[in-house]
Each structure stands twice: as structure tokens, then as C-alpha cells.
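Here are some friendly notes to read with the model open beside you. Take the points one at a time and find each residue as you go.

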Amino acid sequence: MSDTPAKSPQPVETSSAAIRPGEVPFATDASADGAPHVTAVQDYDAVLLAGFGGPEGQEDVIPFLRNVTRGRGIPDERLEEVATHYRHFGGVSPINEHNRQLRQAIEEEMRARGLQLPVYWGNRNWAPYLEDTVTQAAEAGHTRLLAVATSAYSSYSSCRQYREDFARAVLETGLAGVVRIDKVRQFFDVPGFVQPFAEGVAEAVRGFAAEGLTGGQVRVLFATHSIPTADAERSGPRELGLGDGGAYAAQHRAVGRQIMEQLREEGAAEETTAWELVYQSRSGPPSQPWLEPDVCDRIAELPGEGVQAVIVVPLGFLSDHMEVLWDLDEEAMEAAEQAGLRAVRTPTPGVHGAFVASLVDLLEERIHAVPAADRPHVTDLGPWYDVCRPECCENVRRGFSPAAAGVAP
């Protein structure tokens, strides 16, 4: 259980009309000109690992969920319905421990490369809070921070909200104009993020083949968190025209396609082994459209398509936190059992060596201003932007608030 009192930070109420077109609030000189990719070598004081946060005891659960849902007016009795997932695991989300491990792994990889920057860790929704972490960094004389958010894809909740939280943190701590925060690009298609998923699918395919289940008998479901359809449509730069689901869905589809093509080329998967993108963990009211199909709904339909085994790949997640442990390991596996399907859930990247190496590659490419053409990526969508584009990843219900590391609004 945490001793730290729960905070409930509020959005900064600043009209987008007050932000000048092209302005990059709270940005360093590296991103202030708004160019998509930074081309000048940078001198950072420290690295900021930015996480979602999670409860670490039964008494933390409801205060944590209040933080996550702040501003939505959700009563505690409804929050308690979600709390049962955490209470099933003793009220402890594994996400904080994962970030402790990830922070240590990043530090070790940096030291091995001769990068002597300290790595700070701060969360959006639970201790250690970003505000406290930014204050700690500033007190130590570290005011130029390069952030890595623990989310690989583009959407409001997985990118822009982190950027808004960076801006809010420097405002609420009185450090605006003192602390500057940049952010590495979204890393959905860097090799080290994709490799652990590919390895997991290959191992699962081999396991089912050993049981005599091959080709069309096996279906690969790439699972990610569902988000409101309206937010998905606004994810990523609008001028890209990425179709239904915006950049959020397009990035996931591109990574899933790359994994399956790679495994087929290597002979690790058959041409007849189909795959698809599915969604999980929706939390909005029934009247609000969210991305579909739901993973459990699709699992229930698969026997009618001749499928006998399913491989569930947590493609949208870095670690085995609650949405993986409950929504996939509990609910999706139960759905597979009820459908009479063999099922396996593949690993998340966690602290896989290739993943950690790619995160440090991202830090180095910003520090050394590696040209975009030389940055590693495995899909046609990459390399993604260093500086988020105008109107990228709008939250339809809230509009735009000040955000670091991007072009306003």
C-alpha cells in the first residue's frame, strides 16, 4: 500500500485560442520551430520515463480509479466494478513494478553505451506523480528532459495526454520556462518493440503445430485497447488520411502485417494462417461508439470459421499490466474455453533486451539528431514524428489543452 496521498490533478483550462498558431508550448529549442524531425544535436540533462501508474494495495484502488476517471463524474459504486479486477490481484497493479524494472534496464543500457544521464520516473495517475518527479529533477539541476512515454502508438490517451501532462506538470510546479521537456517519437514500429511480439507468435505457432494444428486452423488475434471511435479518427496528423481508426488503427495494422509477413518469409507461419486486429477493455457508455470488434466476441465466432486454436497477441501493450492479466488472461481465455478453442497469450516486450536497446536508440537519435532517413523502422508509416503535428490526437470531449513536444494546438 502506498503512503503517498492520492492526487487528482485537473486539466489546465487554457483556451486553444490563446495559443498562437505554430507555437510549441513548453518546448525546447529543438522542437520550437515545429519541424517534423529534429535536425540539431541536443544536450539533455536527464531522461524522463513517463508511465500511467497503478495501485499498490487494496486501499489505493478506488483513489487511483478516481484519478484515472477525473472529470467524468463516475460514482464510486461504478468504479468498484472495475476495482474488482485489481482486487483479484490483491489491489496491486504490476505496472509500477514493471516501470521500476524498465527504468533500471534503460539505465544499464545507457551506461553500457557511455550515456551518463540520470533516468527519472513519473506517473500520470499514481505515485510517483509527474509533478513530483519534475520538481525532483529541477532541484537536482536537471531542467532539459527527454521523455519516453510507456505507450507506443498515436492517440489522445497514448500520446497527446502525456504531452498535456508534461505541460501541466511544469505549470503546476511553477517551473514553466525553467524545465523543458521533449519526447521521443512514437515507437510502434521500431525493431526492438516488434521483435518480442514476432518471437511470441512464432513460438505459439510451433506449439500448435506440435499438436497438429496448422494453417487455417489457427487464427492470430492482435489485441489492443479500444478507444472512442471519434478519438481514433483524430489520431495522428489529419493530412495523412489513414482511414477508419486514424493513425491508431493504421499503426497497429501495419505492425501486425509486418509480423505475419516476416514470419511467413522465415517459414515460421503458413500463408493460410490468418490474422486480424481486435480490441479490448472498452469502458465508455453503450451509446458511445468505440473501436471494434471486441476480442471476446471474435473468439466466440471463430469456431464457425473452422478455427480450432487462437493466438492472442497483446500488441498494444508494453508489459503485463491489468488490461493484459485480466482482460486477456482471464476473460479472453475464458471465452476461448467456452468456444472450445485451444488458446495461448503471447508475451509483452517487458524488459526484453531488444526492446530496451531500441528505447535507448530513440534517446540517442534525438541527442545526436540522426536524420529521419537513417532511423530504424519496420513499416511504411515510420519513422514517426519527433514533434507532433497541429491538431494531432484531439480529445473530442475536452478539446485542446497546452501540450509539450508538439505544434499547437
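**Notes on the predicted model**

1. Let us begin with a charged pair: Glu 394 and Arg 234 form a salt bridge, and their closest N and O atoms are 3.6 Å apart. The two residues belong to distant parts of the chain, with Glu 394 in the segment after α13 and Arg 234 in the loop between α8 and α9, 160 residues apart. Glu 394 counts as buried because its relative accessibility is 15%, while Arg 234 is partly exposed at 29%. Here a salt bridge means a side-chain nitrogen of Lys or Arg within 4 Å of a carboxyl oxygen of Asp or Glu. Buried means under 20% relative accessible area, exposed means over 50%, and partly exposed is in between, using a 1.4 Å probe and protein chains only. Helices (H or I, at least four residues) and strands (E, at least two) are DSSP runs, numbered from the N terminus.

2. A word on where the values come from. This is a predicted model, in which local features need pLDDT of at least 70 and side-chain atom pairs count only at pLDDT 80 or more, whereas totals for chains, interfaces and linings use all residues. Residues are numbered from 1 along each chain as its sequence is written, and side-chain values use heavy atoms, with hydrogens and water left out.

3. How many salt bridges does the structure hold? There are 30. One of them joins the side chains of Arg 100 and Glu 56, at 3.0 Å from N to O. Arg 100 is in helix α4 (residues 95-112) and Glu 56 is in the loop between β1 (46-51) and α2 (61-68), so this pair ties together parts 44 residues apart in sequence. Arg 100 is partly exposed, with a relative accessible area of 34%, and Glu 56 is partly exposed at 23%.

4. Next, please look at Arg 124. Its side chain meets that of Asp 165 in a salt bridge (3.3 Å, N to O). This pair also links distant parts of the chain: Asp 165 is in helix α6 (residues 156-172) and Arg 124 is in the loop between β2 (119-123) and α5, 41 residues apart.

5. The side chain of Thr 133 reaches the backbone oxygen of Trp 121 at 2.9 Å. Leaving aside neighbours within four places in sequence, Thr 133 is in contact (heavy atoms within 4.5 Å) with Leu 48, Tyr 120, Trp 121, Gly 122 and Pro 128.

6. Now for the rings: the whole structure has 13 aromatic pairs. Rings of Phe, Tyr and Trp (its six-membered ring) pair if their centres lie within 6.5 Å; planes under 30 degrees apart count as stacked, over 60 as edge-to-face and the rest as tilted. Phe 187 and Phe 193 have ring centres 5.8 Å apart and planes at 80°, so they are edge-to-face. Phe 193 and Phe 197 are edge-to-face too, because their centres are 5.2 Å apart and their planes are at 80°. Phe 193 and Phe 197 are separated by about one helical turn, being 4 residues apart in helix α7 (residues 191-210). Ring pairs link Tyr 153, Phe 187, Phe 188, Phe 193, Phe 197, Phe 355, Trp 384 and Tyr 385 into a cluster.

7. Leu 240 is in the loop between α8 (229-233) and α9 (246-265) and is partly exposed at 35% relative accessibility.

8. Finally, check the backbone. A cis peptide bond joins Gly 382 and Pro 383, with omega about -5°. Ala 405 has a positive phi of about 60° although it is not a glycine, and Ala 405 is buried at 4% relative accessibility.

Methods
A polar contact is a pair of N or O atoms within 3.5 Å; within protein, one must be able to donate a hydrogen and the other to accept it, and residues adjacent in sequence count only if both atoms are side-chain atoms.
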